[in-house]
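Please walk through this structure with me, from the chain as a whole to some of its individual residues.

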Amino acid sequence: MPPMAVDKQRLLPLFVLALVTACLVSGGEEPARFQIPRDGSVVELDEGNFEAAVAAVDFLFVDFHAPWCGHCKRLSPQLDEAAPVLAGLSTPIVVAKVNAEKYKKLRSKYGVDGFPTLMLFDHGVPTEYTGSRKAGQLVESLRKLVAPDVSVLKSDAAIKSFVQEAGVGFPLFIGFGVDESSIAEYGARYKKKAWFSTAKDFSEDLMAVYDFDKIPALVSLNPKYNEQSVFYGPFEGTFLEDFIRQSLLPMTVPINAETVKMLKDDDRKVVLAVLQDDSDETSMRLIKILRSAANANHDLVFGYVGVNQWEEFTEPFHDSKSSQLPKLVVWDKDEKYEVVEGLEKLEEGDHGSQISRFLEAYRAGRTIKKTFGRRFPTLLGVNALYILLLLVAVLVVLMFFSGQGEEDRQPTRAHQE
């Protein structure tokens, strides 16, 4: 039989289809790639490589900035310092920058409405970071955010390593013989504020180190203030969360800009000792007595502040001309406080008894309620201050143009007359 005739016109479409298929199989145009820097330096990202970076890096910390922004310029050296440290962690974090003024698509996609905006991309999922921007604290905060909600520790060595690596920036909770499921919810809820772990295997020597004699026991450590406490249960209802929430703060809270922010998340009132100087010997003795009172009154926060340390804060509580220090007030963390007339001033002598009488009178309702009449300017967030200043500026501009309009209209009417 003669060979079959080849119909070239019919084969041409099949040939084209084969070429297209080959191109698609080979990948066509290669997608953008992202190379993780070996030296841990800050990476500059743009609209061409941003998504590739998010896909390639488990944890990507991004600074959305603008070239003209003063806050961004001050942040830049802090990121340069933190980047190699973060890259060298057991769970590496890559630091990147995006000029959000220039790359408006990225700015819009991620809802950037101010500069700098910092975001941590956890396996592609972004979360805005609002913590400290100082290099050292930034590293500690990010290490905390990429850690597991609850770490499982299976030896004395693992427990010691966990405590050492956690550092001093956050409180720690170690559940000795505590089931992970009992604290998993709180590990997620308070992830930004504390480290959580459960210890499965440990020695009696370690029980002595952490001062507990039975299990289950949840040990709270606050290395920044050298404090430790133990909770034996019950591990249900509100008891466990109350212990965790109260342990996030030191027994006696030094009032400063950082702790004032922490107090906002606590619904308890503050028994506040106003001192002349919180570092002198007499004040240190009083603070120790306050710690004992705090240990017996968990429904209240006990804090102290020195006029010499933060005069602006103490002004509403203390008349420098006539008020005697130290003194006690009960503060609602806003613009109201209560005093016990005749007992608010702490005289020389037995401060413990005086504090007990003050608390007894407070609980009996024998207090005088007072209002500042103004908020602490230092307690307002930075954004609130900016908004307030903006509103004032808008009001001034409106008043100016309103006045100009009146002046412009008056001569016109006079001319018509």
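Among contacts in the protein chain between residues at least 6 apart in sequence, 66% join residues that are at least 24 apart. The model is a predicted one, and its protein chain has 14 helices and 16 strands. Of the 417 residues in this chain, 40% count as buried.

To see how the chain is drawn together here, one can follow Phe 50, which, leaving aside residues up to four places away in sequence, touches Leu 45, Val 62, Phe 64, Val 98, Leu 106, Tyr 110 and Phe 121.

The next place to look is a pair of helices. The axes of helix H11 (residues 281-296) and helix H13 (residues 351-363) come within 10 Å and cross at roughly 45°, which makes H11 oblique to H13. The crossing in which H11 passes H13 is right-handed. On the H11 side the contact is made by Leu 286, Ile 289, Leu 290 and Ala 293, while H13 brings His 351, Gly 352, Ile 355 and Leu 359. Sorted by class, the contact of H11 with H13 has six nonpolar residues, two polar ones and no charged residues.

Turning to the backbone, the reader will find a cis peptide bond from Gly 233 to Pro 234, with omega near 5°, and Pro 234 lies in the loop between strand S10 (227-231) and helix H9 (239-247). Another cis peptide bond joins Leu 325 and Pro 326, where omega is about 0°; Pro 326 belongs to the loop between helix H12 (311-314) and strand S14 (327-331).

Positive phi values in residues other than glycine also deserve a look. In the loop between S4 and strand S5 (125-129) lies His 123, whose phi is near 50°, and this residue counts as exposed because its relative accessibility is 53%. Asn 226, found in the loop between strand S9 (217-222) and S10, has a phi near 55°, and its relative accessibility of 74% means that Asn 226 counts as exposed.

Methods:
Residues numbered from 1 in each chain as written. Predicted model: local features only at pLDDT ≥ 70, side-chain atom pairs only at ≥ 80, totals over all residues. Heavy atoms only, no water. Axes fitted to C-alpha atoms, helices over the stretch in contact; angles between N-to-C directions. Helix = DSSP H or I, 4+ residues; strand = E, 2+ residues; numbered from the N terminus. Parallel < 35°, antiparallel > 145°, perpendicular 65-115°, else oblique. Left-handed = near helix turned anticlockwise from the far one by under 90°. Contact = heavy atoms within 4.5 Å. Nonpolar A, V, L, I, M, F, W, Y, C, P; charged D, E, K, R; others polar. Buried < 20%, exposed > 50% of the residue type's maximum accessible area, 1.4 Å probe, protein only.
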